Amino acid sequence: MAKPKIVKFRFPESLEEMPLGPSAAAGILTEPNSGWRVQRPVLDHSKCSGCLLCWVLCPEGVIDKSKGDLEIDMNYCKGCGLCAHECPKKAIQMIREGEDEQ
Amino acid sequence: MNNNPKDGNLDFLNGDEAVAYGARLCRPQVIAVYPITPQTIVVEKISEFVANNEMTCEYIHVESEHSAMCAAMGASLVGARAFTATSSQGLAYMHEMLHYVSGSRFPIVMMNANRTLAAPWNIFGDQRDSLSQRDTGWIQAYVENGQEALDMIIQAYAIAEDDRVYTPVMVNLDGFVNTHTFELVHIPAQEEVDAFLPPFKSRNAVDFHHPRSFCMTASTEWNMEFRYQQQEAMDRARGVIAEVDKGFGDRFGRYYGGMVEEIRCEDAEVVLVGMGSVVGTSRIVVDRLREKGFKVGLVKLRFYRPFPREYFKGLSRRVKAMGVIDRDISFGYEGAVASDIKSALAGAGAVPKVINFIAGIAGRDITKENIEGMYDKLFNFARGKDEKEMQFIGLRW
């Protein structure tokens, strides 16, 4: 995945360790940036034709094509369902969080 | 003056021009300003410097004061020394960004031409504009004349950029009385200012190799600690202000006293406290009254934030009555400076009597006779005569 992975953030342990004004190293993720997702996309690789329409359309840019098979970064996916709606092969299914895939 | 270039030049300048020269000598890399009376000459003079290649900087013409402060903040964020200037309505319009800059600890320097706030509309001077910004986390300095304005811009960067402070500084000049009055002003030599004020090396800047996020959210669990840091920086600034004043005086020969200057207070029975141009007029009155044998003194309050609490505690033990001239009023109570002085005195034990004089609103003259009258009232008050604790001076009726 091209996006930063979750890393353990070391919080300041004293006033001396506080930054000068509210600032911190950029490009890190300390917790999933998708905690409010209601539905998650599940990609059926057997149906995917690799047309990359979902990769183009995803407003969060969470679909990674660098490994050949598409991969969705669930630390960032907000569950909007745009990919499932637009997929010409109906290869993406939206599943309610907490429920199992069929 | 001799012809040694290290001595600089003597020129006949108004306060705004003096500020522009002060800013030029500090070599800011970015200046973002929007013109407003009575600050406009600062903007014009700096743009003249830039057009004539007498000054190298990115000069940004912005569409508003809010944008001016945003642009200055962006510049400071990449490690540039940034300058801006405004007045009155413009300062009020900047209000949101004043908090952003101080909270993010960007050591920007701003000149403010003190002018009253509408309505009723008026372009003349009082200090209601800057005193309304008291709690924005900016260091506030008030100057008496053009020379001090120029010198204070240079000192302001030295204070703001000090490692112990990293807090923005607002240098206030009384509108018209200071900004448009011409005097002989000594312009220090560039090399001397360079030696006093080295280039800004921000320890709070973005850097391509070590990218950082700025101005971000600090949750309830962490926010208060940032505020505590701001307060600590302000507390440390008192000492830094004194150090910078000393360093500046040693190099340029002009000392201003740091947080306050005392004028003939040594054995004074009554003292007046003032900020800005009124101090100049009051000096003359004090000298006159001293010649007649009256034990009067004058305190020039140079910094409003941080506030010299301990100084006023000490002063209160030496005098019988104290008058505070406020060119502002907090409607429903009294002048802001008087409130703060009284608050400092509350912890001092034996407290002298204090009268708050509200004067010079919207550019109304504070005459020598007005000031003599204030001293009269202070003597009467000290001797037990009833005086109103807060009174308007120079009212039409």
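**Contacts between the chains and domains**

Biologist: How many salt bridges are there between chain A and chain B?

Modeller: The count is zero, a salt bridge being a side-chain nitrogen of Lys or Arg within 4 Å of a carboxyl oxygen of Asp or Glu. This is a predicted model, in which local features need pLDDT of at least 70 and side-chain atom pairs count only at pLDDT 80 or more, while totals for chains, interfaces and linings use all residues. Residues are numbered from 1 along each chain as its sequence is written, chains are lettered from A in the order in which they are written, and side-chain values use heavy atoms, without hydrogens and water.

Biologist: What kinds of residue does chain A present to chain B?

Modeller: The side of chain A that touches chain B has ten nonpolar residues, two polar and no charged; Ala, Val, Leu, Ile, Met, Phe, Trp, Tyr, Cys and Pro count as nonpolar, Asp, Glu, Lys and Arg as charged, and the others, Gly among them, as polar.

Biologist: Turning to chain B, what are its domains?

Modeller: An automatic or database domain assignment gives domain 1 (9-252) and domain 2 (260-392). Their C-alpha centres lie 28 Å apart.

Biologist: How many salt bridges cross between those two domains of chain B?

Modeller: The rule finds five between domain 1 and domain 2 of chain B. B:Glu148 forms a salt bridge with B:Lys300, with the closest N and O atoms 2.7 Å apart.

Biologist: And which residues make up that side of domain 1 of chain B?

Modeller: The side touching domain 2 of chain B divides into 13 nonpolar, six polar and eight charged residues.
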